[in-house]
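Hi,

Here is the structure I promised to pass on to you. Have a look at it first, and my notes on what turned up follow below.

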Amino acid sequence: MSLELLELPVLPDASSGHPCDGCQSGCCRSFVVPLSLGDIVRIARGTGLSFWDFAVRWDDSEGKIARGQVPHFHFEDEPQTPFVIGLKHVESQTFSGATRCRFLAEAAEGATCGIYEHRPMACRIFPATSDRKSTRLNS
């Protein structure tokens with residue numbers, strides 16, 4: 001059996017600036033960030049927040065959030081609806097009528113992740129995407 005090696009881009013070290021410098025936070029405003037059990041434990045321990053302070057169930061009836069990569073959950077109040085557990089969104093302070101990840105810290109000069117050290121795996125691996133056939137890096 002042979003293993004194929006992939007070369008992945010290396011983020012700059014801390015001395016050359018934050019790896020997210022220049023980010024426009026589009027993902028933090030536009031997408032549900034699904035959470036794994038590891039993500040939930042890491043965020044809860046790192047922030048001291050309880051589960052429902054940062055997590056919410058998102059209706060995923062069309063399967064566009066889970067995409068076969070994270071589990072669906074069913075709750076007693078809506079047993080027919082598949083849900084994904086993801087980061088909570090709140091109203092954006094910068095863009096009227098828009099929402100943002102609860103941990104996105106908005107400022108006049110840009111936005112930063114308020115839990116960067118404890119961020120979910122989906123955020124850690126970005127810009128990698130995954131489907132059932134492969135994992136690829138987007139440029």
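A definition to begin with: by polar contact I mean a pair of N or O atoms within 3.5 Å, where within protein one must be able to donate a hydrogen and the other to accept it, and residues adjacent in sequence count only if both atoms are side-chain atoms. By that rule, a polar atom of the His 74 side chain lies 3.3 Å from the backbone oxygen of Thr 81.

Some housekeeping before the rest. This is a predicted model, in which local features need pLDDT of at least 70 and side-chain atom pairs count only at pLDDT 80 or more, while totals for chains, interfaces and linings use all residues. Residues are numbered from 1 along each chain as its sequence is written, and side-chain values use heavy atoms, with hydrogens and water left out.

**The chain as a whole**

The protein chain has four helices and nine strands (DSSP runs numbered from the N terminus: helices are H or I with at least four residues, strands are E with at least two). Starting at the N terminus, the elements run α-α-α-β-β-β-β-β-β-β-α-β-β. Of the 139 residues, 23% are buried (buried means under 20% relative accessible area, exposed over 50%, partly exposed in between, with a 1.4 Å probe and protein chains only). Of the contacts between residues at least 6 apart in sequence, 52% join residues at least 24 apart; a contact means heavy atoms within 4.5 Å. The chain exposes about 10,000 Å², and carbon and sulfur atoms supply 56% of that area (Shrake-Rupley method, 1.4 Å probe; for residues, only the protein chains shown count as cover).

**The three-stranded sheet**

An open sheet of three strands has the order β1-β3-β2 with antiparallel pairing, where two strands pair if DSSP finds at least two bridges between them. Its edge strands are β1 (55–59) and β2, each pairing on one side only. On average, neighbouring strands of this sheet are turned by 50 degrees against each other, direction ignored (the axes are lines fitted to C-alpha atoms, for helices over the stretch in contact, and angles run from 0 to 180 degrees between N-to-C directions). Five bridges link β1 with β3 (residues 78–87) in the antiparallel sense, and Val 56 stands opposite Gly 86 of β3.

**His 74 and Thr 81**

His 74 sits in strand β2 (residues 73–75), and Thr 81 in strand β3. Leaving aside residues up to four places away in sequence, His 74 touches Pro 79, Gln 80, Thr 81 and Pro 82. Thr 81 is buried, because its relative accessible area is 6%. With the same exclusion of sequence neighbours, Thr 81 touches Asp 59, Ser 61, Phe 73 and His 74. His 74 and Asp 59 are 15 residues apart in sequence, with their C-alpha atoms 9.9 Å apart.

**Helix α2**

Which residues of α2 (residues 37–47) are buried? They are Asp 39, Ile 40 and Ile 43. These residues lie on the same side of α2 because they cover an arc of only 100 degrees around the axis, the arc being that of the directions from the helix axis to the C-beta atoms. An α-helix has 3.6 residues a turn, so residues three or four places apart point the same way. The cover over the buried residues of α2 includes α3 (51–54), β3 and α4 (121–125). Leu 37 and Arg 45 are exposed on the other side of α2. Just after the helix, Gly 48 takes a positive phi of about 80 degrees.

Strands β6 (residues 104–107) and β7 (residues 110–113) pair in the antiparallel sense over four bridges, and a hairpin of two residues joins them. Thr 112 in β7 is the bridge partner of Ala 105, and Ala 111 in β7 stands opposite Glu 106.

Gln 93 lies in the loop between β4 (89–91) and β5 (99–101). Gln 93 counts as exposed, because its relative accessibility is 66%. Apart from residues up to four places away in sequence, Gln 93 touches Arg 100 and Glu 106.

Enjoy looking through it!
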